[in-house]
Amino acid sequence: MPFIPHTEDDIQEMLAVIGVDSIDTLFDEIPDELRCDELKAIPAGMPEMEVSRLMQARAREDGQPLCFLGAGAYDHHIPAAVWQLTTRGEFYTAYTPYQAEASQGTLQLLYEYQSMMTALTGMDVSNASLYDGASALAEAVLMAVRANRKSKSGRILMPRTLHPLYRRVAHSIVRNQGIELVEVGYDGKTGKIDTSALEQYAGEDFAALVIPQPNFFGVLENVDELTEWAHANGMLAIAIVNPLAMSILKPAGEWGEDGADICCGEGQPMGAPLASGGPYFGFLCCREKLVRQMPGRIIGKTVDLDGKPGYALTLQAREQHIRRSKATSNICTNQGLMVTAATIHMAIMGGEGLQHMAAACHGNTEKLSQALCSLPQVESVFEGPVFHERVLKLPLSAKDALKALAAHNVLGGFDLSDDYPELDSAILVCATELRGEEDIEQYRSKLERVIAAQVQTPCQLKPDW
Amino acid sequence: MIYEHSRTGRRATAQTNPEMAELSDIPDALLRKRPAGLPEVSEMQAVRHYTRLSQKNFSIDTHFYPLGSCTMKYNPRACNSLASLPGFLSRHPLAPDTHSQGFMACMYDLQETLKHVTGMHDVSLSPAAGAQGEFAGVAMIRAYHEARGDTARSEILVPDAAHGTNPASAVMCGYKAREIPTGRDGDIDLDALKQALGPQTAGIMLTNPSTVGVFERRIKEIAGLVHEAGGLLYYDGANLNAILGKVRPGDMGFDVIHMNLHKTFSTPHGGGGPGAGPVGVSQRLAPYLPVPMVDYDGTDYVWLTEKERPESIGRLSAFAGNAGVLLRAYVYARLLGREGMRRVAEFSSLNANYLLKRLMEVGFDAAYPERRASHEFILTLKKQAKELGVNTMDFAKRMLDYGVHAPTTYFPLLVPECLLVEPTETEAKEDLDSFVEIMRTIKQEAETQPDLVKQAPHTMPVRRLDDVRAARELDLAWKGDS
């Protein structure tokens, strides 16, 4: 019996103590007609050895293609120590630190995490994590609507330069509370938020403006100007940032005159492997005066009966297990283990180590962009600086190009044609610090062949009737 | 504090290139002026610091952890190592289907298994945790009513004993949460339910076995009443461990359910997540399931997204939820198989009923002594609190000194001075016996030297913490030595 330690003697002794003659009797309060028969559609159990063989075969099946795909999930180096420590049983198999005295390890680690996130983002306070970047954005929107008491509209300005999947997630999560996400277009030349499009909303009632840095195109927004504009128009500024980029870019807390009010984002670049999209973690930071509107666990430093420092869950009166229907959010379990990894990751890398990593990503992406733009009719779409992604226009359809590259075991980037049809045959490419010059050359030469094949034999593609 | 090991200029040099790449094309105004104030430590200092921190935790791997409602059972190590195979870890969430068939096969199989074990028509794996599953479930109830033009329904009914996430999730979906009292026998107060039901009822959220640790016997009748009023039934899967493979929520009449894979399917709790909260639905709610889902077209596995499922309530996380947690649950499901799943319910119930009986023998009071325990049960220490002045919190803290993580305390709120105890199926009889011994000892201490218990714990890294100060003098981030 996998994972069940009972011997036959144990079972008999236990049944005798309970005073029943079979285990099945323990279910006698359940009406007979509800009991189910053997669930034949579920496979029988297998020993670890066989499951292991199955999983290895399946993991192999997905290959390990050369990855130039980013779009919200980035292939970074993770120090070996990070996951060796994170999967220690004492971290891996503990739960929410309800008994503070027996959970000081997790609690202190979370306090250290909060400290590091505030240092990185320049904000006053951080919570102990949310599910992922997209749902963190949704929570930031809900938080802004609660916190901006001057605004009554429940409307938020959401630029199209924000990740399309994030916009969809935010919509799914906030729509039932009557909150409206109003889209703002982008400048076709620079790839930044179109300030003239923004200007048409000046003076109108919006709770907040969302400002991505970098934006989905990899492009750096004029964050000072945008933050100022939001504040001048009675809106909160919600920053949504890449935490690795924060190591080299102006932190959200310093944007404009007063800084962003809320800063959220995807924590994946801090120690989480790509792993099919999760688990990652969302982070959420804010200014101190908004802390009571912040959802999720928060750890505070305090003292014990002897005056010795210690750590505990705090401000729990915001949370569902105390406030029930009046809580700031329904979130309970968050992404503790991912935060454990992130904290260890940030401690080992340090501020300067992260800067080297971020700068390497930036440099490699520029090298990639130059290499690919050396091919005929491949060009960079937006002018101006980026962090570690760039939009490139191809001389053939993005879908065909990416498919052909995948057949060569290269993930060439993200196809923008569904979400931004106006960009035509454009893709979003990314080269992290892990993609060296040889990798870049491999991509270039394969794309060259793909382009040549398509241009020479256009009829190879069957018409799609 | 890791910051206390920090010295200017110290670095874990094995981790980075010595030279920093140029950033000269980025305007100065957009750049950071100095590196972020993160610790500057060597790799070994970090490793030692976090190893030591880990040792200040109780965990399943080190301690008996009978935290009621959380199902703290053994997390098989194979689940971690097989979900961490390089092919799985390196798969990009937006990788094309041609490079995803292995992963998608696991997800599809897991969907199927969860469907069959819960008796639901269809399953989506995407919610990232139980609370997000609840949100998805209530949002689907809302979508169903709206699609029928039945828009006057404004209330979700929730038992007073429910998890706080239930009313909070209802509110996040734009509903009012209305509480239904629990009867003296632990079942829901049927008269109160009948009075509360009406044309304003969108649905009811129930946990079964309930949070008071007993099976709701009249579930079929409740389902009939709610459906008659035009409402739908939501099943909170927090206690699915108690009935896995024995009774299925779908057969009880539930329209929508969520499962907590970090409970029933033994994925790690990780110090507070990540979890996974897949949702299952009856046929009429199937169009609204959150995306993405995985389908099999006879040759290949394919993603179902907003495009294929236009009526979906949408997407709840950027990609496919907590995929790594789902892989762990899948490995667990394959190790157990159908017979192993049934054994989960059987042995978790055996352990709970045995432990309850033994604790009653040594003088503790059950909250519902006439009822069969499910996989967990409630003790009430009302008598001890009144007669000895030693309350549930004191008992809980003293348990830590004896090397046992305390059960859930003061939940559900309706039972005074309660302990919600869930031993789980993976604990051996001798561990349960030793817990009984510890409880008996603490009770004796409470009678003869109450201060010893009231001052507990005595052996932890810290004594009881000043929660009031934590909330009043907020210190949420390290600001230097000052």
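What follows is a series of questions and answers on a predicted model.

Reader: How many domains does the assignment give for chain A, and what distance separates the centres of domain 1 and domain 3 of chain A?

Author: In this predicted model, the assignment for chain A lists domain 1 as 8-53, domain 2 as 66-73 + 351-457 and domain 3 as 80-345. Taken over C-alpha atoms, the centres of domain 1 of chain A and domain 3 of chain A are separated by 44 Å.

Reader: Into which domains is chain B divided, and what distance separates their centres?

Author: Chain B is divided into domain 1, covering 2-54, and domain 2, covering 78-335. Between the centres of domain 1 of chain B and domain 2 of chain B, again taken over C-alpha atoms, the separation is 42 Å.

Reader: Which helix of chain B gives the largest share of the side that touches chain A?

Author: The contact between the chains takes 160 residues from chain A and 168 residues from chain B. On the side of chain B that touches chain A, the largest share is 21 residues from one helix, spanning residues 323-361. The residues of that side divide into 87 nonpolar, 47 polar and 34 charged. The helix asked for is α10 of chain B.

Reader: How is α10(B) set against α13(B), roughly parallel or roughly antiparallel?

Author: The axes of α10(B) and helix α13 of chain B, residues 429-448, come within 10 Å and cross at roughly 30 degrees. Angles under 35 degrees count as roughly parallel, and therefore α10(B) and α13(B) are described as roughly parallel to each other.

Reader: Which residues of α13(B) make the contact with α10(B), and how do the residues of the contact divide?

Author: α10(B) passes α13(B) in a right-handed crossing. From α10(B) the contact uses Asn351(B), Tyr354(B), Leu355(B), Arg358(B) and Leu359(B), while α13(B) brings Leu432(B), Phe435(B), Val436(B) and Met439(B). The residues of this contact divide into seven nonpolar, one polar and one charged.

Reader: Which strands of chain B does α10(B) lie across, and at what angle does α10(B) run to β11(B)?

Author: One of these strands, β10(B), is joined by two bridges to strand β11 of chain B, residues 377-380, and the two run antiparallel. In β11(B), Thr380(B) is the bridge partner of Asp365(B). α10(B) lies across β10, β11 and β13 (418-421) of chain B, and its angle to β11(B) is about 15 degrees.

Reader: Which strands stand at the edges of the open sheet of four strands in chain B?

Author: This sheet has antiparallel pairing and the order β10-β11-β13-β12. Each edge strand has a single partner strand, so one side of each is left without a neighbour in the sheet, and the strands in question are β10 (365-366) and β12 (408-409) of chain B.

Reader: What is the order of the open sheet of seven strands in chain B, and what is its average twist?

Author: The order is β1-β7-β6-β5-β4-β2-β3, with mixed pairing. β1 (122-124) and β3 (176-180) of chain B stand at the edges with a single partner strand each, so one side of each has no neighbour in the sheet. From one strand to the next, the twist averages 25 degrees.

Reader: In which sense do β5(B) and β6(B) pair, parallel or antiparallel?

Author: Strand β5 of chain B, residues 232-237, and strand β6 of chain B, residues 256-259, are paired over four bridges. Tyr234(B) stands opposite Val256(B) in β6(B). The sense of the pairing is parallel.

Reader: How do α5(B) and α6(B) lie to each other, oblique or roughly parallel?

Author: Helix α5 (residues 130-147) and helix α6 (residues 165-172) of chain B pack with their axes 9 Å apart, at an angle of about 45 degrees. α5(B) passes α6(B) in a right-handed crossing. That angle makes α5(B), relative to α6(B), oblique.

Reader: Where in chain A is Pro279(A) placed?

Author: A cis peptide bond joins Gly278(A) and Pro279(A), with omega about 0 degrees. Ala275(A), whose phi is near 40 degrees, is found in the loop between β7 and β8 of chain A. The place of Pro279(A) is in the loop between β7 (262-266) and β8 (282-286) of chain A.

Terms used
Residues numbered from 1 in each chain as written. Chains lettered and ligands numbered in written order. Predicted model: local features only at pLDDT ≥ 70, side-chain atom pairs only at ≥ 80, totals over all residues. Domains from an automatic or database assignment. Contact = placed C-beta atoms within 7 Å. Nonpolar A, V, L, I, M, F, W, Y, C, P; charged D, E, K, R; others polar. Axes fitted to C-alpha atoms, helices over the stretch in contact; angles between N-to-C directions. Parallel < 35°, antiparallel > 145°, perpendicular 65-115°, else oblique. Left-handed = near helix turned anticlockwise from the far one by under 90°. Pairing = 2+ DSSP bridges.
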